[in-house]
Amino acid sequence: MIELLKTIEFSPFIISFKLAAITTLILFFISLPLAWYLSQTKSKFKPILEAITTLPIVLPPSVLGFYILWFLSFNSPIGAFFEEYFGIKLVFNFTGLVIASCFYSLPFMIQPLQSGFESLNKNMLEASYICGKSKIETLFKIALPNIKPALMTAIIVTFAHTVGEFGVVLMVGGSIPDQTKVASVAIYEFVEIMDYTNAHIYSVIMVILSFLTLLGVYIFNGKQKKSVVGI
């Protein structure tokens, strides 16, 4: 077993965790104001915004990956602009992976945050406004501290989901060693060449990490519920 572990290339795992960390951080700052707005607004456009932010969950990864690939490639205005004026290619590199992951994992950050905000006692928020607090102050000083389980769920599930991405990151980033080859892509390639030993090792590591991540979420949320009811 020790000999097998010595043969493992940890670069795909490092790239996966680096990608997940950066994506989670970016999505937190993007999703926080958006989830707050969706939880508070009564606009008739709310269902449209909710449908757009949830779309990555129901779209096949191949479809989402294809359009992100086209959108970031030199064939699109955005991709051509960055490549021509800044010399930055947005596909088949780590930057492309981050952008694709932000699109793909967006619902996993927004939905728990929005649900948490919507579960807050409206009287508490109104009291904050009556005391002269702005919406931003109410968000950070009142709302966020009172949705810790939802906040933790959003962060951890987004991180875990990004680590497990396959189709979208493969289409946008390819499989470049030490650059875009994440753990899920490495497993796929092991299966392709019928290297089932390494495929098993990588898969077991992913299963263990995923289980520990979810276990941590449920333990944390359980403790938060007990503290609320005073048990």
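Me: Which residues is Thr 53 in contact with, leaving aside its neighbours within four places in sequence?
Reply: With that limit, Thr 53 is in contact with Leu 34, Leu 106, Pro 107 and Ile 110. Keep in mind that this is a predicted model.

Me: OK, and where does Thr 53 sit?
Reply: Thr 53 has its place in helix α3, which covers residues 46-58.

Me: Is Thr 53 buried or exposed, and why?
Reply: Thr 53 counts as buried because its relative accessibility is 9%, and buried means under 20%.

Me: What does its side chain reach?
Reply: The side chain of Thr 53 reaches the backbone oxygen of Glu 50, at 3.0 Å.

Me: There's another threonine I was looking at, Thr 24. Which helix is that in?
Reply: Thr 24 is found in helix α2, which runs over residues 11-40.

Me: Buried or exposed?
Reply: Thr 24 is buried, with a relative accessible area of 8%.

Me: And what is Thr 24 in contact with, again leaving aside neighbours within four places?
Reply: Thr 24 is in contact with Met 109, Ile 155, Thr 158 and Phe 159.

Me: Let's switch to His 161. Where is that one?
Reply: His 161 is in helix α9, residues 148-163.

Me: Which residues is His 161 in contact with, beyond its neighbours within four places in sequence?
Reply: For His 161 the list is Tyr 104, Ser 105 and Phe 108. With Ser 105 there is also a polar contact of 3.0 Å, joining the two side chains.

Me: How many residues apart along the chain are His 161 and Tyr 104?
Reply: His 161 and Tyr 104 are 57 residues apart along the chain, and their C-alpha atoms are separated by 9.1 Å.

Me: New topic: the largest nonpolar core. Which of its residues touch the most other members?
Reply: Leu 19, Leu 113, Phe 117, Ile 147 and Val 182 do, out of the 29 residues in that core. Helices α2, α6 (94-118), α8 (135-143) and α9 each supply at least two residues of this core.

Me: Which helix gives the largest share?
Reply: That's α6, with 9 residues of this core.

Me: Tell me about Ile 147. What does that residue touch, not counting residues up to four places away?
Reply: Ile 147 touches Leu 113, Gly 116, Phe 117 and Leu 120.

Me: What about the second core, how many residues are in that?
Reply: The second core is separate and has 12 residues, including Ala 183, Ile 187, Phe 190 and Tyr 202.

Me: Zooming out, how many helices and strands are there in the protein?
Reply: The protein has 12 helices and 0 strands. Its C-alpha trace spans about 65 × 50 × 30 Å along the principal axes.

Me: How many residues in total, and what share counts as buried?
Reply: There are 231 residues, and 39% of them count as buried.

Me: Last one: which domain does UniProt place at residues 13-220?
Reply: The UniProt record, an unreviewed entry, puts "ABC transmembrane type-1" there. Over residues 13-220 the chain is 78% helix and 0% strand, and the end C-alpha atoms are 25 Å apart.

How values were computed: Residues numbered from 1 in each chain as written. Predicted model: local features only at pLDDT ≥ 70, side-chain atom pairs only at ≥ 80, totals over all residues. Heavy atoms only, no water. Helix = DSSP H or I, 4+ residues; strand = E, 2+ residues; numbered from the N terminus. Buried < 20%, exposed > 50% of the residue type's maximum accessible area, 1.4 Å probe, protein only. Polar contact = N/O pair within 3.5 Å; in protein donor to acceptor, adjacent residues only side chain to side chain. Contact = heavy atoms within 4.5 Å. UniProt positions renumbered as here; feature names shortened; annotations may be inferred. Core = buried A, V, L, I, M, F, W, Y, C linked by side-chain atoms within 4.5 Å.
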